[in-house]
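Dear colleague,

Please find below the structure for your files.

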Amino acid sequence: MKHNRMRAHFAGILVLLFAGVGQVTFAQESHIGGLTGEASRGKKLYRRYCVGCHGPLGDGRGENAPWIDPKPRDFVTGTFKCRSTPTGALPTDEDLYKSVTRGFVNSNMPSWLPLTRQQRADLVAYVKTFSSSFREEKPPSPLSMPSESAANQQSIQSGNELYQKMNCWSCHGKEGRGDGPSAQTLVDNRGYPIPPYDFSVGTRFKCGESNQDLYRILMTGLDGTPMPSFANGLTPAQAWDVVHYIRTLQMNVKRKKQTAENEKKDGGESKPVGAQPE
Amino acid sequence: MRTRINYLQIGVTAALVLLTAHGAGTRTLRAIGTSSEAREDTSGAATLSGIVKLEGSQPVATRINMAADPACLKMHSAPVMSEEVATGTNGALKDAIVYISDGLGNRTFDPPTEPVVFEQKGCTYNPHILGMRARQTLKVANSDPTTHNIHPAPQNNREWNLSQPPGSSPIEESFAREEIIPVKCNVHPWMKGYIAVFKHPYFAITSKDGTFDLRNVPPGEYTIETWHEKYGVLTQKVTLETNQTRTLEFVFKR
């Protein structure tokens, strides 16, 4: 009987705790596929791996920040470049997870593939706690992406015309060398100069390297940078045409064939940082 | 057994109470700006008018070079001047924003249902400075034969950036919170404008003669600010009595 009562006490306290803490922790979780990230665990990882650049307050003012260009992301504003959601909206947990996994080419942000999936999910949960936006708003559903059209001559020609009409050349240049008339004037949302992408160099795009990633960049824009969303100006079919044309500007790029194996590798896990080879 | 049931009941009730409180909280937040206690109450309201001036030698407007986009260049036969500082006779300063910055207390105001329009015309913004209310609909129109991107850079609202090709329908947006937001077009770097968002109707943007009018202001003690994109902010305190008409002068110094 006594035992029973104790169990009852315990169950009751648990329910009370859950009710009280439930809504507080709600914003401190991340959901990526079947994974649930916890901010409390993410905080420890953040202190170990991220704090040097992004800072203890998540404002991008870590001790390394003065020597870094482009500057580390300020998580407090809740503005993120790589999203599947419309411009002005918050990214999904999945978007943040992909950014942590992928890293940012031409920046000091490495790929965090060496961390486990669970660790990366925990980090996403913690990063979201820096901005009140994640408590006040929910990210809308990702932009829909119809399947890719055939990359034939007609599509490339149409893409070329759109590249002119949509003034892509103003920044990226007539030949995609990042030398358009407005290129020198561009700054990011913190006032730092930011160069437009030079297609002829052929490095990976900031938010992924597949045609789907490129389509997404066009339609969502890179918030916090001068790159706008073209969701208003381009139909999905036109956006695919622009993607196909842009690929012809990447003269020096040797593209990996996108295979199921590569996909798997991107989302996979490798050994933890500092682990000794077995 | 009974104890357990009681605890469960308490727990579930607590959960419900908290959830309801949470819901109610959200609703209260939304309700700001939808009640209109002060709106109808214009009896005994005061009027605040005046002028904004610029003292010192009058600045010379700089010429804008639109050569980067031939479509823009072709639209103008006369030189286009920067609108950053525009003055009228006797140092009257155009495009200063005069507004109540403090003193309205807890009054809340409905945003007007009609939208405001910010137009891209001749590769400049029309108007150069747009005043609007929080949660009011903003329509961004492109009347030019070239593609613009409309890129507000807020501190207190969400930043967005949309491309708008010629002939497309207006973009509809709104801003939730008060602030003066710089707007630019990254394609045409000379294009600069401002959208001033207020949660109350007591603001005015000076015209070429530098004058402003704030009407139907409830009596009270207020802090009035005047903002100019180049010369910053001036502040004055003013007490308005019932039915009073007061005149203020703001003078920026170069």
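The notes that follow begin with chain A, turn to one of its helices, and end with a sheet in chain B. Please bear in mind throughout that this is a predicted model.

Chain A overall

Chain A contains eleven helices and two strands. Along the sequence these elements occur in the order α-β-β-α-α-α-α-α-α-α-α-α-α. The chain has 278 residues, of which 45% are buried. If one considers contacts in chain A between residues at least 6 apart in sequence, 61% of them join residues at least 24 apart.

Helix 4 of chain A

Helix 4 of chain A spans residues 93–102. Eight of its ten residues are buried, so helix 4 of chain A is largely enclosed by the rest of the structure. The buried residues are D93(A), D95(A), L96(A), Y97(A), S99(A), V100(A), T101(A) and R102(A). After the helix comes G103(A), which has a positive phi, near 75°.

The packing of helix 4 against helix 5 in chain A

Two packed helices are described by the angle between their axes and the distance between the axes. The axis of helix 4 of chain A comes within 9 Å of that of helix 5 of chain A (residues 117–127), and the two cross at roughly 120°. Because of that angle, helix 4 of chain A is oblique to helix 5 of chain A. The crossing of helix 4 of chain A past helix 5 of chain A is right-handed. On the side of helix 4 of chain A, the contact is made by D93(A), L96(A), Y97(A), V100(A) and T101(A); helix 5 of chain A contributes R117(A), R120(A), A121(A) and V124(A).

A sheet in chain B

Chain B includes an open sheet of three strands, in the order 15-1-18 and with mixed pairing. Strand 15 (211–217) and strand 18 (245–253) of chain B are the edge strands; each has a single partner strand, so one side of each is left without a neighbour in the sheet. From one strand to the next, the twist averages 20°. Strand 1 of chain B (residues 46–55) runs antiparallel to strand 15 of chain B, and five bridges join the two. Within this pair, L48(B) lies opposite L214(B) of strand 15 of chain B.

With kind regards

Definitions and conventions: Residues numbered from 1 in each chain as written. Chains lettered and ligands numbered in written order. Predicted model: local features only at pLDDT ≥ 70, side-chain atom pairs only at ≥ 80, totals over all residues. Heavy atoms only, no water. Axes fitted to C-alpha atoms, helices over the stretch in contact; angles between N-to-C directions. Helix = DSSP H or I, 4+ residues; strand = E, 2+ residues; numbered from the N terminus. Parallel < 35°, antiparallel > 145°, perpendicular 65-115°, else oblique. Left-handed = near helix turned anticlockwise from the far one by under 90°. Contact = heavy atoms within 4.5 Å. Pairing = 2+ DSSP bridges. Buried < 20%, exposed > 50% of the residue type's maximum accessible area, 1.4 Å probe, protein only.
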